[in-house]
Amino acid sequence: MGFIFATCEPVRALQFINRMYPDRKDLTAKDIPLLYALIKRDVLRVQDPDFHQPCQIVVGNNYTQNHKTEISMAIDEFIVKLAAVNETTI
């Protein structure tokens with residue numbers, strides 16, 4: 001059995017995500033509202049990059065199979081926004 005250090009606290013989760021991509025402009029809740037909402041509802045959590053390399057987005061306590069479509073949409077939104085933010089910093 002292992003331990004995972006991850007948070008469903010949205011502000012801290014954004015901090016962890018932004019630390020994973022230090023060369024990019026920081027994302028905000030407005031940038032990724034679908035992912036932010038899933039984290040806030042503890043459907044997803046973000047691992048602490050101080051303990052996990054690579055840091056990952058993992059399922060939270062309220063995850064069920066019914067969230068799959070919502071999670072896919074949130075991850076797609078995240079990837080698109082991350083790429084867009086990167087383009088503005090080049």
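Predicted model: local features only at pLDDT ≥ 70, side-chain atom pairs only at ≥ 80, totals over all residues.
How many nonpolar, polar and charged residues are in the lining of the largest cavity, by class? Point 2 takes this up.

1. The cavity. The lining of the largest cavity has four nonpolar, one polar and three charged residues. The residues that line this cavity are I17, N18, Y21, R24, K25, D26, L27 and L82. The volume is about 30 Å³. The count is one cavity of 30 Å³ or more.

2. Salt bridges overall. The count comes to five salt bridges. Side chains of opposite charge can pair when their charged atoms come close.

3. R19 and D48. R19 lies in helix α1, while D48 sits in the loop between β2 (44–47) and β3 (57–59), so the pair ties together parts that are 29 residues apart in sequence. What of exposure? R19 counts as partly exposed because its relative accessibility is 41%. D48 counts as buried, because its relative accessibility is 12% and the buried class is under 20%.

4. R19 and D50. D50 has 58% relative accessibility, so D50 counts as exposed. R19, D48 and D50 are linked in a network of salt bridges.

5. Where does D23 lie? D23 is in the loop between α1 (10–20) and α2 (33–40). D23 is exposed because its relative accessible area is 55%. R24 has 23%, so R24 is partly exposed. R24 is also one of the residues that line the largest cavity. For a distance check, the C-alpha atoms of D23 and H52 are separated by 19 Å, and the two residues are 29 apart along the chain.

6. The nonpolar patch. Which residues form a nonpolar patch on the surface? They are F3, F5 and F51, with about 390 Å² of accessible area together. F3 is found in the segment before β1 (6–7). F3 is exposed because its relative accessible area is 70%.

Methods
Residues numbered from 1 in each chain as written. Heavy atoms only, no water. 1 Å grid on protein atoms, 1.4 Å probe; cavity = no way out; pocket = protein on both sides within 12 Å on 5 of 7 lines; lining within 4 Å. Points joined across faces, edges and corners; volume = space filled by probe spheres on them. Nonpolar A, V, L, I, M, F, W, Y, C, P; charged D, E, K, R; others polar. Patch = residues over 30% accessible without salt bridge, like charges linked within 9 Å, V, L, I, M, F, W, Y side chains within 5 Å. Areas by Shrake-Rupley, 256 points an atom, 1.4 Å probe, with all protein chains shown as cover. Salt bridge = Lys/Arg side-chain N within 4 Å of Asp/Glu carboxyl O. Helix = DSSP H or I, 4+ residues; strand = E, 2+ residues; numbered from the N terminus. Buried < 20%, exposed > 50% of the residue type's maximum accessible area, 1.4 Å probe, protein only.
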